[in-house]
Amino acid sequence: MENFEQWPILGGISSPEDLKALPADQLGTLAAEIREYLAYRVTENGGHLASNLGIVEMTMAIHRVFESPHDHVIFDVGHQSYVHKLLTGRKEQFDTLRCPGGLSGFTKRAESEHDAFGAGHSSTAISAAIGMAEAEYQKGSHAWTVAVVGDGALTGGLSYEGLNNCAHHLRLLIIINENEMSISPNTGRLAQHLSKMRASRRYLRTKRFTARFFLRVPLIGRPIFKFLRWCKRRIKHMFYRENLFEHMGIRYMGPINGNDVMGVEEYLHHAKKLDHSVILHLKTTKGQGYAPAEENPNAYHGIAPKGKAKQAITFSRVMGEELTRMAGEDTTVCAITAAMSCGTGLEPFRRAIPSRFYDVGIAEGHAVTFGAGLAAGGMRPVIAVYSTFLQRAYDNILHDAALQNLPICLCIDRAGLNAGDGPTHHGIFDVAMLSQIPGAAIYAPVTMEGLRRSLRKALQSNCLTAIRYPNGGEDESIVQAFYADQGAEREIGVRRFGDAPETAKVTIVTHGRIAAIAVEAVKTLRAEGILANVTLCEYLAPYAALAAEVAPTLGARVLFLEEELRTGGFGMSLSDALRQIGALDMPFRVMGTEDGFLTLGAGQTALQAAGLDLAAVLRAAKELIKEEN
């Protein structure tokens, strides 16, 4: 349990009621303590720092004005909910943030009644909030629903689908938190529109001073203030017309300084008095109060736990560098990202060839269909995206790219289990998803050279291709087992480690970084006198071609091993293809992440939670060996 002696005011806040009771002159000190504590704890555990530092005052104001959990507070994405967690009774457990069995790094309904809606992907808050507000209206409730939406989330189309369905009668407050960042800096027409709408700090200070001055004048002060405000609005509309949200029929207020807790409170009270749907536009500073994060908010968006060294050479970096080199040789090659140029390794491409680099914002579906359009026009688009975010573009992949046989390449980053961010970020669904798409080719390199070769093959292909690779870099045990004496120059295909197929009691057929577990299992079995081997697949689909290569490597028993979803995934698809050619007449078993969403228990690794650790693989192999034909 955390000790808050260094942060005495924060230590006394156990609920929103405690926050409401705090004198106004202590709010600034509380905000400073929260920032200091976040910087300390998040740099220890890892997590999202800059975005949480920027919304300290905003979150405090929300919980002082509204009545959570009676009123619903929804954070878009949810990675900026750390302050919310601290103020809603979870500060004593905050040292477990993003640890197995501890607090989630995102909002999670099962964690607290104050987490009204779970999230882990962007642009969902407005739709969810409208739904909850409509539910309260149907019940005759007077509860409010508050959605906190970053300006980056407004680059995603789902936000506008929600706004298009926003009814005037709802007790709904949509707070736009403008900090000019999502993960990479915001781009596109909407970011430009918000930039035109926002006000300078000098303007905000002048506006606040004027309001306070006139409102203190007895009798005539308030009428004068209202008249001046009416004049300002008329002049603004004369020159700027209505803004985007007002054109959609939603009342808009702002922009105001979101790092002024009393100013935000004042506007929140005003919004409640309106008793209908309203948008409040706040401007905050990402990384506020922590100099390194203010100077470089992108670097402090998500940080690794203390003491965990980042690998210098990662698959993301190599992909970006190789693609940049290839684009220098072929003017049809272009790169697309959905607000993730840094995370996916595309920064070198953006700097070197900006005319063929496209950041489409947080709009994965659009990224794929846009890429399909580029391909239809003769370009060779490469779309770099995290596995967990690719899920949002399934229809676009199937209908717009694959059905038309357009040669787009999906570079799927962070493939496999990703423990820190929890079930919203496990990249375990893409194999099953893509395996069902006719004509798709799926590559699964485990070395940097394999990634380079996969990328070259993909850009020479005339169909939909996907290259999936994990976070980080090469696993040395995999390199030594499969590549030390078999020739790195060999074409992408199937590699083998261990005993000869005709003598092996069991063959573990696998792909990706879990091959390290397979290698260790075979070494252990051989040390116990059990002949065994591993077949490593460097590509997954087409499965018919893969089955023909895998068939000669199989021993007396076969264990298919993957860290992705078992149902409909690699093992099931390949075993079916092997049976179709009569090459799988021996006992076999498929091991993968079972159906459901994987959550880690206290002290567990991701592989242990999934039942895919070394002990589980050894147990499964030995049980399989004992089975009768």
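How close do the axes of helix H17 and helix H19 come, and at what angle do they cross? In this predicted model, in which local features need pLDDT of at least 70, side-chain atom pairs count only at pLDDT 80 or more, and totals for chains, interfaces and linings use all residues, the axes of H17 (residues 364–376) and H19 (residues 394–402) come within 9 Å and cross at roughly 10°. Residues are numbered from 1 along each chain as its sequence is written, and side-chain values use heavy atoms, with hydrogens and water left out. Axes are lines fitted to C-alpha atoms, for helices over the stretch in contact, and angles run from 0 to 180 degrees between N-to-C directions; angles under 35 degrees count as roughly parallel, over 145 as roughly antiparallel, 65 to 115 as roughly perpendicular and the rest as oblique. H17 and H19 are therefore roughly parallel to each other. The contact (heavy atoms within 4.5 Å) is made by Gly-365, Val-368, Thr-369 and Ala-372 on the side of H17 and by Asn-396, Ile-397, Asp-400 and Ala-401 on the side of H19. Helices (H or I, at least four residues) and strands (E, at least two) are DSSP runs, numbered from the N terminus.

An open sheet is formed by 5 strands in the order S1-S2-S3-S5-S4, with parallel pairing; two strands pair if DSSP finds at least two bridges between them. Strand S1 (72–75) and strand S4 (251–257) stand at the edges with a single partner strand each, so one side of each is left without a neighbour in the sheet. On average, and with direction ignored, neighbouring strands of this sheet are turned by 20° against each other. Within the sheet, strand S3 (residues 172–178) runs parallel to strand S5 (residues 278–283) and is joined to S5 by 6 bridges, with Leu-173 standing opposite Val-278 in S5.

Strand S9 (residues 409–413) has parallel pairings with two other strands, S8 and S11. With strand S8 (residues 380–386) the pairing extends over 5 bridges, and Ala-384 stands opposite Cys-411 in S9. With strand S11 (residues 465–468) the pairing extends over 4 bridges, and the bridge partner of Leu-410 in S11 is Ala-466. Buried means under 20% relative accessible area, exposed over 50% and partly exposed in between (1.4 Å probe, protein chains only); by this criterion 5 of the 5 residues of S9 are buried, so the strand is largely enclosed by the rest of the structure. Both faces of S9 are covered, with Cys-409, Cys-411 and Asp-413 buried on one side and Leu-410 and Ile-412 buried on the other.

A nonpolar core is a set of buried Ala, Val, Leu, Ile, Met, Phe, Trp, Tyr and Cys residues joined through side-chain atoms within 4.5 Å. The largest such core holds 80 residues, of which Leu-323, Leu-410, Leu-434 and Leu-574 touch the most other members, and helix H15 (residues 315–329) gives the most to this core, with 6 residues. When neighbours within four places in sequence are left aside, Leu-323 is in contact with Val-333, Ala-335, Leu-346, Phe-349, Val-382, Leu-455 and Leu-459. A second, separate core of 51 residues includes Leu-27, Tyr-37, Leu-103 and Met-253. In helix H25 (residues 570–580), the buried residues include Phe-570, Gly-571, Ser-573, Leu-574, Ser-575, Ala-577 and Leu-578; H25 is followed by Gly-582, whose phi is positive, near 70°.

With a disulfide taken as a pair of cysteine sulfur atoms within 2.5 Å, the count comes to 0 disulfides. Among the cysteines, Cys-463 is buried with a relative accessible area of 17%, and Cys-537 is likewise buried, at 0% relative accessibility.

Several loop residues have backbone features of note. A cis peptide bond with omega of about 10° joins Ser-68 and Pro-69, and Pro-69 lies in the loop between helix H5 (56–65) and S1. The peptide bond from Ala-541 to Pro-542 is also cis, with omega near 10°, and Pro-542 is placed in the loop between strand S15 (539–541) and helix H24 (543–550). Val-77, in the loop between S1 and helix H6 (82–87), has a positive phi near 70° although this residue is not glycine, and Val-77 counts as buried at 13% relative accessibility. Arg-98, in the loop between H6 and helix H7 (125–138), has a positive phi near 65°, again in a residue other than glycine, and is buried with a relative accessible area of 18%.
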